[in-house]
Each structure stands twice: as structure tokens, then as C-alpha cells.
Amino acid sequence: MSVRDTPLSIAIFGAGSIGLYCGGQLASAGCDVSFIGRVSMATRVKDGFRLTHFDRDPIVVSAAQFNFYEGPDADALAMADIVIICVKSQDSAEAAASIAPHINDDTLVISFQNGLRNKPTLDNGLAGQGIVLGAVVPFNVTRTEAATWHCGTEGGVTIQAHDDRRLTELKEAFARAGHSVTMSDDITAVQWGKLLVNLNNGLNALSGGTLLSGLMQRPYRLVLAAMIAEAIDILNKAGITPAAFGKASPQKMLKILPLPNWIYAIIMNRIVKIDPSARSSMLDDLDSGRPCEIEYLQGEIVALARSVGLSAPINARVQSLVEEAFAAGRSPKMSGTEIYSAVMDSA
């Protein structure tokens, strides 16, 4: 067990759903946690907040267990052992510029963000300041009440392997809060594996319902399978092998998704647990008027295809439909059959 004189100091840069949930877990485990986020969020959590989980007991985080700053705080960042970046992917460059003047040369900066570009963007923006590590957060978190954040899917955090005692302490702190952390020597493969699963986020934004309600419609799953199959062909051409994400490899997903509903339900209950109320962060962003991250999901597949002389018509079509939904400011609330027709008949 690690021993230190003071609690591990964590700065969460980007206090949205994932930031609040992960930071709240770490605060409950005894870490010295500082959140850096929006004024509206500071107001929401000024009296503390609550974390719920579909399979575990709630965690109540009191106001005395954390600090909240409404912008980059020089002291909080300078004192942080670890800065965890939880902003949207399109805000990574701005985040790097904000923290660079304040962190130390050996500060660990860990990206808890979707997509593939965040670590390179942070590396470039920090220009050698700090030690940047990639990570994958597999679980879904949404706000269910004024100051309550709910985790609706299972899975533990994966962090890029690095020989540093602070990472061991971070892993132990998450374990005390009930969440596992594993270290990976090939975080890029893990990120690609997660991206394939996250292609579902765009479909969830189009359906406007829960993740489970979408996945229980076979036409919806057929579109997801088609996107994944298209992406795997492109990854193979690019010489990239995505890691298995959770209990299902990409190849296994392609066998399971097209199955009839009743068989699919039985198998999926054994592979992954999904709260019936869970939604994607992309649908939450759409409903809240926040920017769209589709460029960092389907957009990554489209860009990679272009780089190896291929096309990705199915992923491109879903990207276009999601961008139209964000431009309209609302989900079109399409059924699985409507999504299938809009995507597969036009791709």
C-alpha cells in the first residue's frame, strides 16, 4: 500500500458529468479534489452533491470534501499531483493553454475524454510541460436530479501505463470508491476499441430515448453493426488493431448485434449491464444545447478512411444526420426502422 504524508491532490479540469462523477469518487476516497468548471456548475454543487450507481450504494459528497473554482486557479493547478482533463474534445487545445502556465514539469495530466486526438492535442499545447497520459472511461454518467449524477453502465477506467507512484495511489483511491482502474501499455488500441462502441452515441442522439430502448430494436443494431464493420475494414487497411472493449471484442459484437431481439437480450445481459434509464452523453449535449462531439467519433472513421484511400459512407451518413439534429437543437426521435432507412438507403 502506498504511503504519503498528505492526500493525493487532484484537479478536475472540466466539471461536467464525468468530471463530477470521477472527482466525487476521489473526494469520497480521501483525495484533495479541486474542480475547475462553469459558474452554473459551481452553483449547482455549492452544498455538495450525490453520486448514484445502478449496481452500488450512493455516495454523498459534502461541500467540505472539495474545492470548486470557476476558472483555472493557479494554486490549485500548481499543487495538483494529477490534473484530469474532462472537457469536450473540441476544447482540449484551450484546456492545455489554460493549465500550461500553472502546472509543474512532473504533473501528471490524464485525458478522461472521448476520441483519439486529445492526448496529441494536449501534448502539443503543453509543449513538454507535465506528463500527458491517455485514458478510457467506459461508463455512462448523466445528471438525474439537481445535484445527483448517475452511472448507468458498468466498466472500469483504463489509464496509459506509466511508472509513477501517484498512479498507484489514484488506482487505490478509485478502488476505495468502488471503481476499478487498469493500466494499459497500448492505450491507443483501447481508445479505438472504445470508439467502436461509442459509435452508438450518435444513434442514441437520433433516437432520443435510452440506450437500452435503442439497442432492443434490431434495425437500430443493424446500423450500429454496419458502422462497426465499416470501421474495422478501414482500421485493417490502416494497420490498426482495436482492443476488445469490456467483455466483447469488435468481432464478437458483429456476431451479436444482428441477432433476433430475444436472443440478443439474453446474450447482452451476460456481457454488459445497462441501466434502463441510461442515455449517451451526446444526447445529453443535444438536449442541453452544448456542442456536438460527432467529429471525434464517426468523424475519426471518416478521416481515417480518407487517409488510406477509402470511404466510410455509413459513418459519414450518421455523422451528417447527427449534425443536422444539433443544428436543429433537438433529437428527431427516430425509430430503429427510420434510422435504418435514413442511413442504409442513403449511404
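Here is a short tour of this predicted model, stop by stop. Residues are numbered from 1 along each chain as its sequence is written, and side-chain values use heavy atoms, with hydrogens and water left out. As the model is predicted, local features need pLDDT of at least 70 and side-chain atom pairs count only at pLDDT 80 or more, while totals for chains, interfaces and linings use all residues.

**Stop 1: the four-stranded sheet**

Helices (H or I, at least four residues) and strands (E, at least two) are DSSP runs, numbered from the N terminus. Select E4, E3, E10 and E9: in that order they form an open sheet with mixed pairing. Strands pair if DSSP finds at least two bridges between them. Strand E4 (56–61) and E9 are the edges; each has a single partner strand, so one side of each lacks a neighbour in the sheet. From one strand to the next, the twist averages 25 degrees. Now zoom in on E3 (residues 49–53), which pairs with E4 in the antiparallel sense over four bridges; here Phe49 stands opposite Val61.

**Stop 2: helix H1**

Axes are lines fitted to C-alpha atoms, for helices over the stretch in contact, and angles run from 0 to 180 degrees between N-to-C directions. Next, show H6 (residues 165–176): H1 (residues 17–28) packs against H6 at an angle of about 90 degrees, with the axes 8 Å apart. That makes the two helices roughly perpendicular (65 to 115 degrees). Cys22, Gln25 and Leu26 of H1 meet Leu170, Ala173 and Phe174 of H6, where contact means heavy atoms within 4.5 Å.

**Stop 3: helix H13**

Select residues 281–288. Which residues of H13 are buried? They are Met282, Leu283, Asp284, Asp285 and Leu286, buried being under 20% relative accessible area with a 1.4 Å probe, protein chains only. These residues pack against strand E9 (141–145), helix H8 (200–207) and helix H15 (313–328). Just after H13, look for Gly289, with a positive phi of about 75 degrees.

**Stop 4: Ser331**

Finish in the loop between H15 and helix H16 (336–344), where Ser331 is found. Ser331 is buried, at a relative accessible area of 6%. Its side chain reaches the backbone oxygen of Ala205 at 2.7 Å and that of Leu206 at 3.3 Å.

Technical notes:
Buried < 20%, exposed > 50% of the residue type's maximum accessible area, 1.4 Å probe, protein only. Polar contact = N/O pair within 3.5 Å; in protein donor to acceptor, adjacent residues only side chain to side chain. Parallel < 35°, antiparallel > 145°, perpendicular 65-115°, else oblique.
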